[in-house]
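I opened my notebook today to see how the parts of this structure meet. Come along and check each entry against the picture.

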Amino acid sequence: MSGLKAGAPFQHSGRNIAQLMQTLLYALLPGIFASLWFFGFGILINIAISISFAVIAEAAMLRLRNRDIRSHLSDRSALVTALLFAIAIPPGSPWWLVALGIVFAVVIVKHLYGGLGHNPFNPAMCGYAMLLLAFPLEMTGWHIPNEVINGPLIVDNLGIPTITPEREFLSPLSWSGFKQALLLAFPFAASGAIDISEFIDGLAMATPLIEFKMAGKSAIFAARESGASLFATGSETAWEIINIGYLFGGLFLLYKKIISWHIPLAIIATVFVLAALFYAPGSVAIYGTPYLHLFGSATMIGAFFIATDPVSAATTRPGKLVYGIIIGVSIYSIRVWGSYLDSIAFAVLFGNFCAPILDQYCRPRIFGHGLRGKSERSRSNEAPIKP
Amino acid sequence: MSTLKQLAVRFFNSDPIFARRTVGGIQPHPFKERSLRSRIMSTPIPQQLTIPIGAEGSGEITLLVDIGDQVRKYQKLAVLNMSVEGCSDVPVHAPTSGVITSIENLIVADHSEQQQLCISLAADGHDEALQLEPHTNYSQLSSADIVSLIRDAGVIGMGGAGFPTADKLSIYGESAIEFLIINAAECEPYITADESLLRERADRVVLGAEILKQASAARRCIIAIEDTKLDAIAALKQALQNEMSLDQTCELVLIPSKYPAGSERQLIQCVTGSEIATGQHPTDNGIVMHNVGTAYAAYEAVVEGKPCISRFTTLCGQALKTPKNFEVLIGTATGFLFELCGIEASLEQRIIVGGSLMGSQLGSDKAAICKTTNCLIAASAIEFPTPEAEQACIRCGFCADACPSNLLPQQLFAFSKTLDTTQLLEHGLLDCIECGACDYVCPSHIPLVSIYKESKKLIETRSQSLERSDYWQQRFQFRQYRVKKEKDQALSRKPDASLKPKLAAEQAVKTPKDEQGFISKEQASRDIAAAVARVKARRNEKNK
C-alpha cells in the first residue's frame, strides 16, 4: 500500500511529461522534413551530433547531481532541447560548433540552474546565442550543396523547383550531397584523399530575410525589390515551405492542447502588425513585407516551438499575451533596426527576462474576486419583494 | 389547454435560462455506467446499525437514549447542535427498532476522517415504527411550518456539506430569494446516486423541489442537470410535465458536462450568470442551492412525515461484481453493503468514500454510512494505480486552464514550496475549492491538492500564532503602560500627599479639562507657573 496516493484525487488524466515532449518531437517533423528536403543532410547530421551530446551531457549532469539517470532521461526534455537547437544551427556547421552549443545549453543553462523546470532561460536559445556571439561567422551561413546552386535551376511558374528527371541529380538529398554534408561537419575526415574544394566551394546563404536585410542595408539590390525575385537560388521557397511545415506542427500542438494559443498568436500578430505598419514599398529604407517577416525566417518555429517552452515562458494567460507581444516587438526590432541577423533567440531570451514579473503582475482575476462594487450594488437593489 | 397556456406563459412571460460558460474544468472519464445498470435497491435491515451523531467538537450533543433502551423506528435518539454559525438543532432518528447496545466514538464513512460519536443499535427485526404524520397538501402549509417539519426530520445537505437544510431555508428567509437551484449536476466520476434517484423517482424530487421553493419563498426554481444524463433528463421532463398540470413551475436547465460543474458557486454562475463574490453567501445574491437528495428528503419529511433515516449511496469500483445504488439506512456498515454487491477480495485494494476526485480513503470496512455518504468505491489496483513518480513542475499551465476558480496552481505550488504565505494569500489559496482538477491534469504528477491543504493548515497556524503573539504583545504593552502610569501617579501624588489633601482635591476639581480628559497646554503651563509660585512662596516663608 505504500506507493498508493494517500489524498484525493485518485483519478488522473494519464498525461505525463514524456508524452508531452514526444508529441512536441512529432510536431517538429514536418518542418524538419522540409529543411531536409531543401538543405540536405546537413540538418540531419546537426541533429545527430546535437542529440548525442545532449544525452551524454544530461546523463553526466544527472549523475553528478545524484539523480536517477534513467527516469530523468526518459522525460525526453533533453531530446527536445537538442532538436530545437540542432534545427537552429546552420546545416554544414562543423561538429564542434554543434557540440559546444548543446553542451553549454544542457550543462550550464539547464542543469546548473536546477534541471528541468528550474531554468529561467530557454536552453536551446541560450546555446544558440552563445554561439552567435562567439562564432558569428560560422553561425550565419546556411550551406547547401554546391551543385544545387551552380547547376541549372528549373522553376515552375509558382516559383517551386520542379522535380524533373533531369533535375533529380540536383537534389541535396543525393549521395554527393550527403558526402559534402559529412565533410562539412567533420572536416578531419577529409584527410587528403578527397579534394574538399570540389564540394565546399562555398555557398553560404542566409535566410531570405537576412539576404533582404543585407540587400537593404547595402542598397545594392534596393532597386530590384519589386520585379525579379531576389532569391532565385530557391532559398525563398525553401523557407516558405519550412515555415509552413512548422506552422502545421504548431497547429498540431494547439490541437493536442500541448501549448495554448496565447503566445504564438501574440507573437505572430505583433510581427504581422509591425511589419504591416512599417512596410514602405519602394522606399530606400526597406523593412520587408509582412509575409517575408512571417515566412521568410524562423518566425513560425520561434512562435510555436521556442517561445512556448513552458519552463522559461510566462505562465499566466494574460502574462502569456504580454510575453508574446514583447517577443514579437523584439523580433521585429532586432531584425529591422538591430545589428544581429537572426532575432528569435535574443527576442525569446528577452522575453524570458520579463517572464517572472509578468507572472507576478499579469494575473487572471480570481473567481469571486474584484466584484465588490458589483455585489454591493446588487445588494442595495435587493428590495424585499417577498410575496 | 392548460398545458398550452402554461407553456405560453413560460415562453413569453419569463426569460428562459441558458447555461453559461464557466472557467476551467476538466472532463474526466465518468465511470458511471456500471452502477447505473441496476435499479436502486433498498437494503435489508442489518443486524447491527451504528448511527453517527456527530464528531467531537463539531457541536453540542444531547443524547435522548441510553444503553439498554428499547427504541422504535423513527424515534429520536439524539440532538446535535452544530457549533457552526446559524445552525440549529439536528435530531437523529432510529432507522429501525431495537436495543441500544453502546455509545462510543467510531470511524464513519465520511470525508473528515474523524471519529464520530455513534449510537450502536441491535436491530430486533420487527421494524416497529412510530406513527408518522403525513402532510399531503403541503401547499396549504406556511413556510415556517415546512421549515419546522424539515428540521424535525433531521434533514441535512445530502450533497456532502451536511449543513442543516432547515437553517439554510430559514436563516436567510428575510432576504428575497430569486432563484432556488436544485443541484443535480453530480459531476464527479463514479457517483450516480442523484442520477439514479432522478431516473426512478423524479416526480418526488420535483415535489421536494416545490416544497423547498415554498419554504424559501423563492421566485423561480431551477433544476440544473448535466446534459449527458439522458435517462434522468427524460424522467425529469416527464415529472415536470405532470407537475405543470398541478399549476406549479420548476424549470429544467441543462448544463454542459464538466467537472466541477456541480460546485455551488460554479453552478450558480453557469445557471444564473451571477458570480458570488468571495466572502459572500449565495443568499446575499438572492440564490439558494439544494441537492437533489435533499429535495427528496424534504419531500419525505413533509409529505410522508418521515424523518431522515436513509439516503441514496452509490457502491462502485472494479472490485464489486454488481455495482449499484442503494437506499441505505443511516448507520449501515460499509462492509454489509459491499457484500450485497459481491466484493472480490482478491481485487480490492482500498475503499474510497466519495468520488474519485474529492474522495478520501477509508480505513475500515465497519465504518457506518452517515447522512452525507454519497459514494463508496471499492477500487482495484488497476483502477487507481500507483501514481508515477513526481517530477518537477514545468509550468505548463494545464492546471491554470483546469482551475474552476481561475487560480494559478503552478504559482501556488511554487509559493507552497517556499512557504511564502503572503504570496499564497495574494494568489488566492483560500479560494481553492480542492476540487482536484489541477492535480488530475498535472503531467508532472504533483499531488497539488495535498500540498494546498498543507499550505492552508500552515496559514491557519501562522495566523493563529500571529493572533496569539498580537494578544500577548498587547497584554505586555498594556502592562508596561500600567506600570508607567502607576509610577507617574505615585510621583505626582507624593507632593500632593505632603501638601494638604484638601487643596489637592480642590485643585483637581478646579483644573478644567477638555472632552478627552486631557489638560490643555496653556492650562498646564499656567498650573506649572502657579506651582512654581507656590513653592517659591513656601521657601520665602521658611527663609523668613
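**Entry 1: where the chains meet.** I began with the contact between the two sides, and I counted 45 residues from chain A and 55 residues from chain B in it. I kept in mind that this is a predicted model.

Next I asked myself: which helices of chain A each supply at least two residues of the side that touches chain B? I found helix H1 (17-39) and helix H18 (372-381). H18(A) gives the most to that side, with 4 residues.

Then I sorted the residues on the side of chain A that touches chain B by kind. I noted 17 nonpolar, 17 polar and 11 charged.

**Entry 2: the nonpolar core.** I looked up the largest nonpolar core and found 239 residues in it. Among those with the most contacts inside this core are Phe85(A), Ile51(B) and Ala224(B). Helix H4 of chain B, residues 193-216, gives the most to this core, with 11 residues.

I stayed with Ala224(B) for a moment. What does Ala224(B) touch, once I leave out residues up to four places away in sequence? My list includes Ile181(B), Ile182(B), Val253(B), Ile255(B), Leu267(B) and Val271(B). Asn183(B) is also one of the residues that Ala224(B) touches.

**Entry 3: domains of chain B.** I saw that chain B is divided into domain 1 (1-30 + 147-305) and domain 2 (388-499). I found 11 residues of domain 1 in contact with 11 residues of domain 2. On the side of domain 1 that touches domain 2, I wrote down 5 nonpolar residues, 6 polar and no charged.

Conventions. Residues are numbered from 1 along each chain as its sequence is written. Chains are lettered from A and ligands numbered from 1 in the order in which they are written. This is a predicted model: local features need pLDDT of at least 70, side-chain atom pairs count only at pLDDT 80 or more; totals for chains, interfaces and linings use all residues. Two residues are in contact if their C-beta atoms, placed from the backbone, lie within 7 Å. Ala, Val, Leu, Ile, Met, Phe, Trp, Tyr, Cys and Pro count as nonpolar, Asp, Glu, Lys and Arg as charged, and the others, Gly among them, as polar. A nonpolar core is a set of buried Ala, Val, Leu, Ile, Met, Phe, Trp, Tyr and Cys residues joined through C-beta atoms within 7 Å. A residue is buried if 20 or more other C-beta atoms lie within 10 Å of its own, exposed if 12 or fewer, and partly exposed in between; C-beta atoms are placed from the backbone. Domain bounds come from an automatic or database domain assignment.
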